Each structure stands twice: as structure tokens, then as C-alpha cells.
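Open your viewer, get your selection tool ready, and follow along stop by stop.

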Amino acid sequence: MSKIKERAKTAANKKALYGPDIDLAGFKKDASVRDYTPEMSGLSEEEQKNLVEAGIVTSRGERLCSYLLMDHSPVHCSVSQEGVELLSMDDALEKHDGIKDYWWKAVDVGTDKYTAQAEIDFNGGYFVRVKAGVKATFPVQACLYVGEEGIAQNVHNVIIVEEGAELQLITRCTAASHIGRGLHVGVSEIYVKKGATITSTMIHNWGEDIVVRPRTGVIVEEGATYMSNYVLMRPVKSAQTFPSVRLLGKDAVARLNTVLVATKGSEVDVGGSVSLEATGTKAEIISRTISTGGNIVARGLLVGHKPGVKAHLECNGLILSEEGCIRAIPELDGRVAGVEMSHEAAVGKISPEQVEYLMARGLNEEEATALIVRGFLNVKMEGLPEELQEEIDRIIFESGKSVL
Amino acid sequence: MLLEIKDLSVEVEGNEILHNINLGIDHGETHVLFGKNGSGKTSLLMAIMGISRYKITSGSILFKRTDITGLPINERAKMGIGMSFQRPPTIKGVKTGELVKLINNGGKSTEGIAESLNISEFLDRDINLGFSGGEIKKSELLQLVAQNLDLVLLDEPESGVDVENIKVIGKVIKSLLQKHLRRQRIRAGLVITHTGLILNYLEADRGHMLLNGGIKCEGNPREMFEAIQNFGYEECARCQR
């Protein structure tokens, strides 16, 4: 472990490859300690309201696996599914010696100052492990909540889906409605073992002055599937993330979907990379971004190492305001003959032809535009639980109305 | 009179396409527009619908005795005007069935119509995404049925459609234009046709021929179509009655 700490220290001032540089000294390292609550109904009314608005199910029964980190304190952790282990990271580190095999193995601690800080000033996180062959019936929901003004929250999560197992993971990140500034650094290391499947949906619900730096690394083994959905519809000061997925086993599959709206004042730099390192692997990266005044960089990188691998990348953006801008940067990197990789990128506006077509059917201009926007954001996210799909549809439906 | 077009001139990107058009359609009537490519037929339909690219420079359009010349497209639709587009835009992520439901204005059960058009299965597909020529025509018709209109503007409903499907489309248009009714027939139609095939499916009341942006001949649609076939558009214009 000491080697890791050392490596972290050397990266403590290393700027990130992408996104605006953040002065980490501007955020408080300490936060008040919060009490553990066996039931989320034990939280204050405002907190519960914030959580519910972010989509967290606060009552037991409906969702049986929940982890809640408030500021630096694990406030709640409950699990009652056979074969699904959900622990606060502090407990996991104590309990599982084997965790060191997964600690900073999918993400390099020396990546940048944010990964370094997550190690040096580690505040918490969650550990999920689904045992071999177990198909988890209920999703695991994890919520990372920033409630104290001006703090940095440094999170490190490890997710392991063992051979042949299945998991739906829903991560919701939110900030208290009363707070202004805050920084969230979130390292997630995801291991999808042979034949396993994970659908990881991340819904961000921050605030106008919150800075977010998720750092995600995923290792996918033979015949396994990694599906990721990232949804950001609310304001954020700056969000930058570039998950790196490595398909190491034969026939592994990765699919990354991003749906986001950047409002005025938001700087969003998101995307992902998939490295296809084994034969028969497939990948798809799709992003639909809308600027209503914010600045967006939509990235995507596919690297093909083996003949016959197939991958496709789509970065589509709509600018709906005079002020916003969108840069779409799709990259393909074929390292060997016989790869099949393609991309399409488009940044534009809503065509008047589409609007008038719908108006000719009786919709007014606003209704027509909202319908087109909704359709644009409507990415097919496979394998979502029905209620989550409905929720995302609703968020998109509302954003269709609110972007006007 | 349901629709009254008076001295209408229309320009597209600064070029005048239609010059002083006069045309009237009454309740329950079906009118046919003939004319060679580029004669201005589609422009006339677009101008009636209110599509912004087709700018009215003079004249007026009255619908149900109200001047609609400056009315937004959706207001015209609400008043009962609808149109089938030749090349409608694709709208990704929105299912055709969803739009049909949304615009249903007390029209017949659209499921039944979808079935008779053999398009039930593509109600689940994105609007116009990857539709074949025939599928576009059918989907446009389905939407018009749902809208429950008083005046339907059909832009070449049979072009690009195979022989078998022309029959299907012809039947639906016949029923859309309430040909099964006599006295109670209310819905009117203005139909563009090149091939004249659609005339085999509906009794049209009157024909108009457009040439170089003006109406050059009017009369019995079957006689006119025969004359055009035998002598060409120019010749037909010369025999102006």
C-alpha cells in the first residue's frame, strides 16, 4: 500500500488530461461526522427531500440494497439479497484482505491530481461484490451526497461481478439544495468477470457551483458485458470524466451511453474510451448532448488491437442557445489490420423542416421542438429495470420541455 | 366555399414560383393538380399549409371564410387543413405510433387504419427513419386519417409505390375523401398526380393544370389527363377553354 501512497504523492499536482484545472486547496478537507442511520427515514426532512428528488428510494422494501455516503460519513448501508455483498469501503478494507488485488488496478492512482487526492485524502466509498452465478434481482443503489458547504468529497468504490453473475448498479450523486460550492472526486473500479453482466447507470444531479471529477476504470473478461449509462440533466459548474474500459477477454462487450444537457454556466467534458484487446470483442459509445448555454466537449475513443473486433462511436450534439458550444471529438485508433471501427459525429440545431412538419400535424412550435429534443435524447439503453427506464424517460421528457 | 385562393403569388428564396393563382374548392370536392416537374404544384400545397420557405408575396388564402394567409402552420392544421409530404423529414427517437396518438383528433381508430395499410408493425419505428417510398406514403396517410381534417392536400400519393400497394393506398384515400358518402360528404381534397393512377380509385370533381407557375387549364380531370397523355402539357394549355 505504501507504494500506492508514494505514487499518489508524485501525482498530487498533476493536471488532468482534459477539463479545466481545479485548485484543490480551495476546498475543505474536513467535514463534520454524521451519524449512521439504520433507516433512511431517520434523516432530516430536507435531506430526505433532496434524496427523493435525486431518485433515491429512501424506504426499505422497494430497494433492498442501498449505500449512502453523506459528505465523509457512511450514513446508511443495507443489503438483504443472497449473494450480494454491499459494504462501506472502510469495512470492506478491514474485512477483505483480497481487496488489494482490486485497489487501483483498473484506475492508475497516478492518473492525475484527482486520483491522487482520492488516495491521500480518502473519505469513503462502497464495495459491491456479486457472487459467482448470482443474478441480483434488485438493483444496488448507491448515493453520494454533498451536504456541507465548500468541502471536497473523495470517494473510492470497487465493484466486482464474479463469473456468470449479473448486477444492476445505480449511482446517484447529488448535493444539498442549500449548499453552494463543493467538489466531488469519485474513483470507481469495476471488474466484470467471465460471462458476467453489469449495467451501471449514473445519474448526476449536482448544483451550479459543484465541481465533479469521476475517474472510472473497467476490466471486462471473456464473454462478459459492461453497459454504462450516464445521465446529466441539471446544472453543474464543471464535470469532467473519461471512463476507460478494457475488454481483455474474448467476446467481451462494452456499451457506453451518455445523455446530457449543459445549462448556462456548466462546463461539461465527458466521454469514454474502450480498448478492444481480445478477439471477438465489440464496443459501442453513444452520446447525445444538448447545450442550452453551457459548454460541452463530447469525447470518444476506440482502440482496436485485434483483427475482427467491431466498434462504433456516435457523438451527436444539439446547440439550442446563442451562447453554448459543443465540441465533438470522436477518435478511432486501429492498431492492426482487420479491425472494423466507425464513427459519426454531428453538431447542429433543430431543423426548421422537422418543426414545421410536426406543426403541420397540429403541434405548436414549442410542442414540436420538445418532441424533437426528446427524440434526440432518446438513446436505447438496454437492460434497464422498468422503473429506471421510466424515470429516465421522464427526466428526458421534462428536459425536452425545459430546454425551451 | 371551403378553400378560396385569390390572386396568390408565392416565392421561394427570392424567386417567384407561383403567379396570381385563383382556385376554389368546396366541401366534399376532390380536385386534382396536374403539371410537369417544377411547375409549382408542390409549392401551391406548401403555401396553403403555410410552410415558411414558401413565401406569399401577394394575394390571399381563405379557409372556412377566414383569411389564413398569415396564420401559423399549426393554426391551419387546427382549422382542418392537413398535408401528406413528398419527402418528410426523419425524426429520430420518436415512434410513429406515438405521433399518431398525439395528433389523433377524434379520427377513426388508427389501429384499424394501420392494419388496413399493412403498417401496424412500423408504428414502433422512428418517424420516417429508413422508410421506403411506399411506407412514407402510408405513414403520411395514416397521420392524415388520425387528424380528422376538412381539407387534405396529397402530394403525389402514388409515386414510388408498387402496383399492389397502389391498390391499398387508393382504397384508403377513397375512404379518407369520404367517397362512400354522398350528400354528407364534407372532406375535400387537393391531389397532385403525375401518373394519374390515383384517378382510378377516386372520382375527382375538377382538374387544374399548372404550367410555369400559373393555372393554364381547368376542367374534367379524366379528360384533362387524357389530353395531357396524348398531346403533352403545353398542348393541353393551348386548348384553354
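In which strand is the place of N20(B)? Select β2 of chain B, residues 15–25, and you will find N20(B) there; strands (E, at least two residues) and helices (H or I, at least four) are DSSP runs, numbered from the N terminus. Before going further, note that this is a predicted model: local features need pLDDT of at least 70, side-chain atom pairs count only at pLDDT 80 or more, and totals for chains, interfaces and linings use all residues. Residues are numbered from 1 along each chain as its sequence is written, while chains are lettered from A and ligands numbered from 1 in the order in which they are written.

Stay on N20(B): its phi is positive, near 45°, though the residue is not glycine. Most residues other than glycine have a negative phi. N20(B) is partly exposed, with 13 other C-beta atoms within 10 Å (buried means 20 or more, exposed 12 or fewer, partly exposed in between, with C-beta atoms placed from the backbone).

Next, select D71(A), in the loop between β1 (65–70) and β2 (73–78) of chain A. Its phi is also positive, near 55°. D71(A) counts as buried, because 23 C-beta neighbours lie inside 10 Å.

Now move to helix α7 of chain B, residues 221–231, where P221(B), M224(B), F225(B), A227(B) and I228(B) are buried. They share one side of α7(B) because they cover an arc of only 160° around the axis, taken from the directions from the helix axis to the C-beta atoms. Turn to the other side for the exposed E223(B), Q229(B) and N230(B). Finish at G232(B), which follows α7(B) and has a positive phi near 90°.
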